Amino acid sequence: MNKPIDPAGTVTRAEVEDFLYVEADLLDNWKLDDWLTLLTDDASYYVPPNDKPDGDHRFTLFTVADDIIRLRERIIRLKDPNCHAEYPPSRTRRMITNVRITGMEDDLILVSANFAIFRYRRNEPSRDFVGRYRYKLKRTDAGLKIHERRAILDSEELGALGAVSFLL
């Protein structure tokens, strides 16, 4: 159960916004190894299906349901020149808005934000991915880290968007 926002001020919205902007910049510039350093050692990354945005990946087929091991493997594949789906890498530009701290869950800071990602790939029409993020962030000695990241797409159907071979 989510507790109300921490009255002791565990983190400010400005800190969270700055963190999300750094994350967006790393992903847009394909600094994927640097992006991995923003994650906890037990992090998860989810892209749920459109009809069950709050679904549980153990019982529902997700577009992406990666633990930290799978995420590291995904990054290795994305950086490989033999990964034809992303070589050369797509160009993306992310807009992050409406960042809110929504509560606490034990020592995790619950955050929500809207996103728009514009993807450009040679010989393909540009694609727009719009939705919302839900994060579970953890304050560590090294700063904020992502414990869980959920990208919930607003699209009614994903076929027109093409393959989601990059990190949303």
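Visitor: Hi! Which residues line the largest cavity?

Guide: Hello! This is a predicted model, and in it the largest cavity is lined by Leu27, Trp30, Leu32, Thr92, Arg94, Phe166 and Leu167.

Visitor: How do the residues of that lining divide into nonpolar, polar and charged?

Guide: The lining has 5 nonpolar residues, 1 polar and 1 charged.

Visitor: And what volume does the largest cavity have?

Guide: Its volume is about 30 Å³. The structure holds 1 cavity of 30 Å³ or more.

Visitor: OK, new topic: strands. How many bridges join strand 4 to strand 5?

Guide: There are 12 bridges between strand 4 (residues 108-120) and strand 5 (residues 127-140), and the two run antiparallel. As an example of the pairing, leucine 108 stands opposite lysine 138 in strand 5.

Visitor: What sits between those two strands in the hairpin?

Guide: The hairpin of strand 4 and strand 5 has 6 residues between the strands, and asparagine 123 takes a positive phi near 60° there.

Visitor: Which way do strand 5 and strand 6 pair, parallel or antiparallel?

Guide: Strand 5 pairs with strand 6 (residues 143-153) in the antiparallel sense, over 10 bridges. These two strands form a hairpin as well, with 2 residues between them. Here glycine 131 stands opposite leucine 153 in strand 6.

Visitor: Switching to charges now. How many salt bridges does a search of the whole structure find?

Guide: The search finds 15 salt bridges. One of them joins arginine 139 to glutamate 15, with the closest N and O atoms 3.2 Å apart. Arginine 139 lies in strand 5 and glutamate 15 in helix 1 (residues 13-28), so this pair ties together parts that are 124 residues apart in sequence.

Visitor: Which residue forms a salt bridge with aspartate 54?

Guide: That is arginine 134, and their closest N and O atoms are 2.7 Å apart. Aspartate 54 is in the loop between strand 1 (39-47) and strand 2 (64-67), while arginine 134 is in strand 5, so the pair ties together parts that are 80 residues apart in sequence.

Visitor: Is aspartate 54 buried or exposed?

Guide: Aspartate 54 is exposed, with a relative accessible area of 57%. Arginine 134, at 28%, is partly exposed.

Visitor: What about arginine 150, buried or exposed?

Guide: Arginine 150 is buried, with a relative accessible area of 8%. Its side chain meets that of glutamate 148 in a salt bridge (4.0 Å, N to O), and glutamate 148 is buried too, at 16%.

Visitor: Last one: which residues are linked with Arg150 in a network of salt bridges?

Guide: Glu105, Lys136 and Glu148 are linked with Arg150 in that network.

Note on methods
Residues are numbered from 1 along each chain as its sequence is written. This is a predicted model: local features need pLDDT of at least 70, side-chain atom pairs count only at pLDDT 80 or more; totals for chains, interfaces and linings use all residues. Side-chain values use heavy atoms; hydrogens and water are left out. On a 1 Å grid over the protein atoms alone, a cavity is a set of points where a 1.4 Å probe fits but cannot get out, and a pocket is an open set with protein on both sides within 12 Å along at least five of seven lines; lining residues have an atom within 4 Å of a point. Grid points are joined across faces, edges and corners, and a volume is the space filled by probe spheres set on the points. Ala, Val, Leu, Ile, Met, Phe, Trp, Tyr, Cys and Pro count as nonpolar, Asp, Glu, Lys and Arg as charged, and the others, Gly among them, as polar. Two strands pair if DSSP finds at least two bridges between them. Helices (H or I, at least four residues) and strands (E, at least two) are DSSP runs, numbered from the N terminus. Buried means under 20% relative accessible area, exposed over 50%, partly exposed in between (1.4 Å probe, protein chains only).
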